[in-house]
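Subject: Structure handover and findings

Hello,

Here is the structure for you to look at.

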2 protein chains.
Amino acid sequence: MSAAQGKTGRRPGESGAREAILAAATAAFAEAGYDRATIRGIATAAGVDPALVLHYFGSKKDLFEAALELPVSPRQIFERGVVAGPDQLGAVIVRTFLEAWEPPETRVRLMAMLRSAMTNDTAMAMIRDLLVREVFGPITQTLGVPDAPLRATLVGSQFVGLAIIRYIGRLEPLASASIDDLVSAIGPTVQRYLTGELGGGTQGG
Amino acid sequence: MSAAQGKTGRRPGESGAREAILAAATAAFAEAGYDRATIRGIATAAGVDPALVLHYFGSKKDLFEAALELPVSPRQIFERGVVAGPDQLGAVIVRTFLEAWEPPETRVRLMAMLRSAMTNDTAMAMIRDLLVREVFGPITQTLGVPDAPLRATLVGSQFVGLAIIRYIGRLEPLASASIDDLVSAIGPTVQRYLTGELGGGTQGG
């Protein structure tokens, strides 16, 4: 990570500029997506010189990676579910996901990721790598279920769709539903994708 | 719909240009999204004058509406499920959805819709209207279940996420999974969202 420059030898005042750049970058990626967000525009919004953006973050790709830093990593979410017990896995994962993304200041990061990934292959590839590293691995290692990669992508499909309908599309009534209601509605889906029977439609009722 | 101009008084040769414009528009919306697709770029790709695009379709918004015409309407998908019987609803809906979007020439339309909706409020509003008209209404009228709008948005969240992971993110192994496997895996989710118990986590296993 070339963001290391911003982390070592930090002087007073530097972290303010770095944070301002990150906030401006997150807002730009959330609103315009990866392709249309520019280093120049982000620098202007942060009130700094474009050279300083590159000094701290090296490239647009590295800046994107720093901006989409997750409030709770998928690995942490998953591990919280495992700790809660095998029957609670789905409910805990849905609750932790929603609680992490509900605050507006973290939600903007989720929107940055989703909007960017939808229109830019680099952004999508970075998110794919993140999922494989943070989600697929832990599921395979911890649950000992067959078809762990398929299960992980099924869970991913439900969460991606949930985030889009709730936070970007704001489709009612899902957009305003309480976290409790969504845990009740979607928890069993995630539970089944992770630990249930997937083949043969044996749960078709 | 101002596309009416293109439908009435059609002379030989006109339909060719109209189809070329539609195909170019779909490709542009799929690749660049609504905001970045331009009438001029679409006209160039179709080999026609920009004025002809406006003659046939009136505006970029109308062109978008024509380009995202669905291979099978959500209402038709839903009605097929109802005809198959209440227990088969989820499986039939998942199969019909996937079979409709699997061919590359229709898939590009789904991608146009999703990419555009993610970055443009007009496109998202049009899709929201489509869903309310085509999906929420039929579900409420036909199934007679409580919470029909929440159920419809839950189903929407699963399908939006499925389409993004499978067709845009191409995350394996979901991207290459057979339709049969996905019907087995996701059918029960849709079945439960439409007809099952949503509250209290009573299906948490």
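The notes below go through symmetry, the chain contact, domains and helix packing.

This is a predicted model, in which local features need pLDDT of at least 70, side-chain atom pairs count only at pLDDT 80 or more, and totals for chains, interfaces and linings use all residues. Residues are numbered from 1 along each chain as its sequence is written, while chains are lettered from A and ligands numbered from 1 in the order in which they are written.

Symmetry

Chain A superposes on chain B by a rotation of 180°, with 0.0 Å of shift along the axis and an RMSD of 0.0 Å. That is the relation of a two-fold axis. The superposition is by least squares on the C-alpha atoms of residues with pLDDT of at least 70 in both copies. A:Gly161 is the residue of chain A that comes closest to the rotation axis, with its C-alpha at 1.9 Å.

Contact between the chains

Chain A gives 45 residues to the contact and chain B gives 45 residues. Two residues are in contact if their C-beta atoms, placed from the backbone, lie within 7 Å. On the side of chain A that touches chain B, helices 7 (89–101), 8 (104–119), 9 (121–143), 10 (148–168) and 11 (179–195) of chain A each supply at least two residues. Helix 10 of chain A provides the largest share, 14 residues. Helices are DSSP runs (H or I, at least four residues), numbered from the N terminus. By class, this side of chain A has 22 nonpolar, 19 polar and 4 charged residues. Ala, Val, Leu, Ile, Met, Phe, Trp, Tyr, Cys and Pro count as nonpolar, Asp, Glu, Lys and Arg as charged, and the others, Gly among them, as polar. Of the interface residues of chain A, 100% are also interface residues in chain B, so the copies meet through the same surface.

Domains of chain A

Chain A divides into domain 1 (4–67) and domain 2 (74–195). The bounds come from an automatic or database domain assignment. The domain centres, taken over C-alpha atoms, are 27 Å apart. In chain A, 11 residues of domain 1 are in contact with 12 residues of domain 2. Helix 2 (14–36) and helix 5 (60–67) of chain A each supply at least two residues of the domain 1 side. Helix 2 of chain A brings the largest share of that side, 7 residues. The domain 1 side has 6 nonpolar, 2 polar and 3 charged residues.

Helix packing in chain B

Helix 8 (residues 104–119) and helix 10 (residues 148–168) of chain B pack at about 120°, with their axes 11 Å apart. That makes helix 8 of chain B oblique to helix 10 of chain B. Axes are lines fitted to C-alpha atoms, for helices over the stretch in contact, and angles run from 0 to 180 degrees between N-to-C directions. Angles under 35 degrees count as roughly parallel, over 145 as roughly antiparallel, 65 to 115 as roughly perpendicular and the rest as oblique. B:Arg107, B:Leu110, B:Met111 and B:Leu114 of helix 8 meet B:Ala163, B:Ile164, B:Tyr167 and B:Ile168 of helix 10. These residues divide into 7 nonpolar, no polar and 1 charged.

Helix 7 (residues 89–101) and helix 11 (residues 179–195) of chain B pack at about 125°, with axes 6 Å apart.

Best wishes
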